[in-house]
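Hi,

Here is the structure I promised to pass on.

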Amino acid sequence: MQDIVDSRDRRLDPVVATSQNMTAVIDIGSNSIRLVVFEGPVRVPMPKFNEKVLCGLGRDLGQSSMLNAEAMEKAMAALQRYTFLVNHMGIDRVIVAATAAVREAENGAEFVAEIEQECDLNVQVLSGKQEARYAGLGVLSGMPYANGLVGDLGGGSLELVNVGDHKIGNTSTLPLGALRLSRMSFTKSELISYLHSQFEDVDWLDKVAGKNFYVVGGAWRALAKYHIRKTGHPLNIIHNYKLPYDEVMRLIREILAFSDQDINRNPYIQSSRAGTLKTAATIMEQLFQFTRPKNVIFSANGLREGLLFSELKKPVRKIDPLLEACRNMAAKEGRFAEHGEEIYSWLSDAFSELGNKGKRLALAAATLSDIAWTMSLTIGLHKLSGVYLERHLVVSGTKAGRSSHWPFTPDIEGALSETLQMTLWRLWITKPVSMP
């Protein structure tokens, strides 16, 4: 083995090439610091690298006006590591954004200056309005037809955004972070009273009452992860995971009934979220007293994606992200030039009775139809797996258990190839957001 190592000519090694299409986004949050490196088409950039460190910069926001010294030390170590990684990957474009904890702390500006000096990073401290806007744009980047209320629950603050018609409407930022409230000495009744006083000051919530609620933020996404694992949902995917209001309220009541020991021992609950899960559930429960949404839809996109999405021109923003991702994958993985529209047109008679949602999925599947050419059709459908689409869409699993809402009749299914049927079904069970 040593002979092989010694004889290696490193001049011939493949290298990680610098790319103008790669952008690094560093999010200095109140609870965690995360680096995501995006690559790919500007409309649907794909995460190539994703790492976070739980630092808890905002852990003392409820009792102190200063960032925690231990947390700052841990955060600086993470940022120095991220700087090294970004340089090693040859990325020239780095966006660094700091949110509530740094924004509010008396020593926040001093900490930013230290970051810029030690790491040679240009840190943008977002205002509450900017943070809310980017969170809303992040949701729209992945769900262009979103219509309702976006809620981004961070460690130090809660951003509320009215979205619809591809646009951002009213925004509000509230000091209701999951980490902040979890470390304050509220009784249950005091916490509920405080939440109500904050929500009562948001005078536009009646505009989004009864509409969908789009969830952003790790503390709230932990609720979806718990539900997915407990119910055995076939896809362990947060993005576009949709639950009706009544189901979410049952989930919240179940979480709030747990003791702290129950939460710490529960295999479906991440240990990193155990300390804030009940607080996060309470915040959602009380917000729903004012909005009572139709459905709760979890988004994997948020502030980081919103920062990139904000730079796009309006016509580009309106491009369908699913279809754009399919086209990009087909161009990379297919044998021929992308030809999904030609296949879709050829099969148009089979899709004539479908609504907009079904036709959109059919076009997506047609676009992807050539990427599985290396797989033998003799392999059972239950063994086909591993197609990863749009960073949150997996084409995988079993064909069994189709819902009563599956839009394709047996006659239509018969007109489709096995591969196309499998792809359509995998796309369908991700439960995409309803289209107008």
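Below is what turned up in it.

First, the ground rules: this is a predicted model, so local features need pLDDT of at least 70 and side-chain atom pairs count only at pLDDT 80 or more, while totals for chains, interfaces and linings use all residues. Residues are numbered from 1 along each chain as its sequence is written, and side-chain values use heavy atoms, with hydrogens and water left out.

Let's start with the rings. Searching the whole structure gives nine aromatic pairs (Phe, Tyr and the six-membered ring of Trp, with centres within 6.5 Å; planes under 30 degrees apart are stacked, over 60 edge-to-face, the rest tilted). One of them is Phe213 with Trp220, an edge-to-face pair at 5.6 Å centre to centre and 75° between the planes.

Next, the charges. Glu200, Asp201, Asp203 and Asp206 form a negative surface patch. Patch members have over 30% relative accessible area (Shrake-Rupley, 1.4 Å probe) and no salt bridge (a Lys or Arg side-chain nitrogen within 4 Å of an Asp or Glu carboxyl oxygen), with like charges joined within 9 Å. Asp203 sits in the loop between helix H7 (188-200) and strand E9 (212-216) (DSSP runs: helices are H or I of at least four residues, strands E of at least two). Asp203 counts as exposed because its relative accessibility is 67%.

Now the backbone. Most residues other than glycine have a negative phi. Which residue has a phi near 55°? That is Asp165, where the value is positive in a residue other than glycine. Asp165 lies in the loop between strand E7 (158-164) and strand E8 (167-174), and is exposed at 58% relative accessibility. His166, in the loop between E7 and E8, also has a positive phi, about 65°, without being a glycine. His166 is partly exposed, with a relative accessible area of 29%.

Last, Glu70. It belongs to helix H2 (residues 69-88) and is exposed, at 56% relative accessible area.

Cheers

Conventions:
Patch = residues over 30% accessible without salt bridge, like charges linked within 9 Å, V, L, I, M, F, W, Y side chains within 5 Å. Lys, Arg positive; Asp, Glu negative; His and termini not counted. Charge placed at Lys NZ, Arg CZ, Asp CG, Glu CD. Buried < 20%, exposed > 50% of the residue type's maximum accessible area, 1.4 Å probe, protein only.
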